[in-house]
Amino acid sequence: MFRQITRSSAPFLKAVRNKASLQVNALGQSKNFSPALKSNGAAVSQRLFWQSMANYSTTTESQDTEVVTGPEESHEFKTETKRMLQIVANSMYSEKEIFVRELISNAADALEKLRHLQSSENIETGTPLQVRITLDHEKKTFTIQDSGVGMTLDELNQNLGTIASSGSKKFLEKLENEGSGSRENIIGQFGVGFYSTFMVGDTIKVYTKSALPGSKGYCWSTDGQGSYTVAEADNVAVGTKIVIELREDSKSFASQIEVDSIIKKYSNFVGFPIFLNGTEVNTVEPLWTKDRSSVTAEQHQTFYRFIANAWDDPQYTLHFKTDAPLSIASVLYVPERHMESLGERMAPGVSLYSRKVLIQPKSKGLLPDWLRFVKGVVDSEDIPLNVSRELLQDNILSRLRQVMTSRVLKWLDNEAKKDEKKYNEFFLDFGQFIKEGACTDAMHKREIGKLLRFESSGLKEGDMTSLEGYASRKKEGQDKIYYLLTPKRQYAEDSPYTEMFKKNGVELLYLYDTVDEFVINHLRQFQGYDLVAADSPEAASHPLLQQARSDDDELDGAEKLSEPQAKDLANWIYDTLGDETVKQVDVSRRLEKFPAIVLEHESPAMRKMIQMMQGSAKLGEAPPAPTRLEINPDHAVMRGLFQIREQNPALAKMVAEQVYDNALCAAGVMDDPRSMITRLNKLMEISVNSAIEQNKKVKAV
């Protein structure tokens with residue numbers, strides 16, 4: 001608790017020890033005193049002693065031991081400083097809490113300067129380097145004290161009597177440009193440091209003593225009305241102590257719970273201990289400042305849970321440092337699970353720091369929105385604490401965003417290569433974010449494409465492949481990556497569009513999500529390979545998939561249609577269905593098990609989107625756009641249709657319509673299959689009656 005104990009403290013220490021012993025003896029005489037506790041009286045005494053010391057520390061911290069001994073000299077603030085104080089004092093700025101961050105940052109700077117002096121000029125003060133904050137709710141005071149370098153009289157007048165920082169000057173310049181009506185938006189955009197105290201205080205007192213040998217102590221005081229006083233003071237410790245008498249509307253800053261949360265929000269990773277009413281509050285270490293090899297998995301777990309406010313463990317961890325093109329130190333995590341599956345959109349998870357001081361919590365501009373599942377910290381020393389949020393957004397932040405996004409993409413790609421199974425499990429849960437990135441982040445879509453995973457006809461069900469993996473297994477002469485949008489794997493394997501891919505040994509990606517079509521349309525290419533749908537005319541016309549059956553292929557003993565007969569049948573189907581249904585009917589012998597397929601049809605995903613936007617009722621009034629129908633004249637249905645089109649025109653028409661509807665269903669573009677139920681029932685009735693008549697003829701023979 002105390003680093004040094006002086007001889008003058010001996011009487012007090014003796015009294016405390018005696019009091020602790022009396023408490024232990026009293027406990028020992030109590031009937032409820034356990035033997036275990038009684039036998040451990042020395043330990044209890046020691047613990048009570050240090051508890052008393054802690055109480056003593058808190059009490060003495062809250063007392064003003066400094067005494068003004070010299071005459072008070074009154075000074076007028078400079079004109080620009082007066083204006084600054086008036087603006088800040090009369091502000092209704094909503095984030096007044098930043099005064100805590102500003103004062104702690106100033107204290108940390110003072111401590112750092114003293115540490116440098118101690119190493120370079122061998123100056124010793126005999127006190128630990130720390131920041132101590134004491135709150136008095138009854139007196140409505142906020143006191144912050146550092147044991148840093150302190151100030152001489154000249155430094156006191158220069159630092160507190162004039163605006164010396166570039167950030168404060170920019171503040172006033174900004175105000176001149178924006179006009180007085182913009183002051184509420186400007187305050188807080190700049191690190192106005194010490195002047196931020198006037199947002200919450202009526203009277204400010206500063207006690208300070210320089211660490212230089214032979215320095216005197218001083219008391220600086222003001223009510224912010226245009227002048228300040230300076231006087232010599234005794235009992236001033238080396239460093240700086242600021243006592244703020246809080247306004248009535250700011251008395252919440254005398255609450256320990258309130259200030260503790262502010263410290264943890266903004267200044268938890270300052271490089272010096274911060275004590276609040278005697279208790280150290282910044283106990284979590286800033287891991288990003290450490291060497292990567294020195295940080296354990298347990299430390300990462302603790303830090304992740306703190307920074308992400310979570311209870312799970314990170315499944316991926318990135319500890320990244322670089323000096324070019326910007327000075328960056330970061331620790332990033334991918335959680336085990338995300339909460340967006342519950343329907344609530346997540347906020348960004350990475351906070352921006354500068355020299356361990358929070359600049360932007362959950363920064364929206366640091367990473368693209370699709371990477372909002374990433375948690376952690378990015379710290380850049382290139383960001384000055386007094387930079388405006390506007391400049392940060394337009395300049396430095398955009399450069400940080402570019403560097404960090406590229407690094408995160410490389411990180412995830414490396415993790416995928418390191419452990420493919422683990423990454424596939426990650427993608428099943430977080431793939432929606434990767435796909436969102438492919439659709440929205442044009443700058444990085446090539447790198448995002450490496451992170452996508454899909455099932456494939458070349459792998460067993462449940463296994464996934466990358467686009468890069470697909471390309472490595474492509475067939476000789478194959479210059480495309482083929483995919484099929486399908487709700488389920490079974491539908492894909494039974495689809496007429498996969499028939500020729502199977503026959504010719506060409507692998508096919510299975511895309512199950514509606515959004516996958518938009519992902520592919522945004523990518524268009526991957527490493528020089530066009531992404532082509534299996535149900536597209538481009539796939540249908542590719543030589544690799546155009547192998548027709550040979551003349552030796554059997555057709556169940558039936559005679560195949562000649563080319564003229566096949567074309568005649570195609571023309572009849574076109575006339576029967578009408579040009580509002582089909583725009584052309586082609587003949588192709590590449591199919592084997594299916595009588596027909598549709599090509600150049602509407603996108604199923606787009607059709608569903610229109611349905612959601614317009615409503616299913618309106619969509620039902622608008623039939624699908626005419627498609628291109630491709631018939632297989634060698635299929636039994638088509639050969640039979642050729643025979644009955646003149647013998648039984650009504651039946652032939654029903655069959656042609658059913659063939660077309662079946663093709664629409666296979667393509668996934670039929671809005672309501674119930675429309676063909678009546679026709680199906682009629683066709684089944686005809687089929688059953690025909691079978692009965694045939695059976696009668698067989699029995700008669």
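Author: Start with contacts. Among those in the chain with a separation of 6 or more, 73% are between residues 24 or more positions apart. Keep in mind that this is a predicted model.

Reader: What share of the residues count as buried?

Author: 49% of the 701 residues.

Reader: And how many helices and strands are there?

Author: The chain has 24 helices and 23 strands.

Reader: What does the accessible surface come to?

Author: About 35,900 Å². Carbon and sulfur atoms hold 49% of that surface.

Reader: Switching to charges. How many salt bridges are there?

Author: The count comes to 37 salt bridges. One of them pairs Arg372 with Glu340, at 2.6 Å from N to O.

Reader: Where do Arg372 and Glu340 lie?

Author: Both lie in loops. Arg372 is between β14 (357-360) and β15 (375-379), while Glu340 is between β12 (328-335) and β13 (349-354). The two are 32 residues apart in sequence, so the pair ties together separate parts of the chain.

Reader: Is Arg372 buried or exposed?

Author: Arg372 is buried, because its relative accessible area is 2% and the cut-off for buried is under 20%.

Reader: How about Glu340, buried or exposed?

Author: Glu340 is buried too, with a relative accessible area of 13%.

Reader: Which residues does Arg372 touch, leaving aside neighbours within four places in sequence?

Author: Arg372 is in contact with Glu340, Arg345, Met346, Ala347, Pro348, Gly349, Phe433 and Glu436.

Reader: What about Asp369 and Arg372, how do their side chains meet?

Author: In a salt bridge, 3.2 Å from N to O. Asp369 is partly exposed, at 36% relative accessibility.

Reader: Now Glu538 and Lys480. What is the N to O distance in that salt bridge?

Author: The distance is 3.3 Å. This pair links distant parts of the chain, 58 residues apart. Glu538 sits in helix α18 (residues 537-540), and Lys480 in strand β17 (residues 480-485).

Reader: Which of those side chains is buried, and which partly exposed?

Author: Lys480 counts as buried, at 13% relative accessibility. Glu538 counts as partly exposed, at 39%.

Reader: How far apart are Ala540 and Glu630 in space?

Author: 9.9 Å, C-alpha to C-alpha. In sequence, Ala540 and Glu630 are 90 residues apart.

Reader: Last topic, the surface. Which residues form a negative patch?

Author: Asp419, Glu420, Glu425 and Asp463.

Reader: Where does Glu425 lie?

Author: Glu425 is in helix α12, which covers residues 420-440.

Conventions:
Residues are numbered from 1 along each chain as its sequence is written. This is a predicted model: local features need pLDDT of at least 70, side-chain atom pairs count only at pLDDT 80 or more; totals for chains, interfaces and linings use all residues. Side-chain values use heavy atoms; hydrogens and water are left out. Patches are made of residues with over 30% relative accessible area and no salt bridge: like charges are joined within 9 Å, nonpolar side chains (Val, Leu, Ile, Met, Phe, Trp, Tyr) within 5 Å. Accessible areas come from the Shrake-Rupley method with a 1.4 Å probe; for residues, only the protein chains shown count as cover. A salt bridge is a side-chain nitrogen of Lys or Arg within 4 Å of a carboxyl oxygen of Asp or Glu. Lys and Arg count as positive and Asp and Glu as negative; His and the chain ends are not counted. The place of a charge is taken as NZ of Lys, CZ of Arg, CG of Asp or CD of Glu. Helices (H or I, at least four residues) and strands (E, at least two) are DSSP runs, numbered from the N terminus. Buried means under 20% relative accessible area, exposed over 50%, partly exposed in between (1.4 Å probe, protein chains only). Contact means heavy atoms within 4.5 Å.
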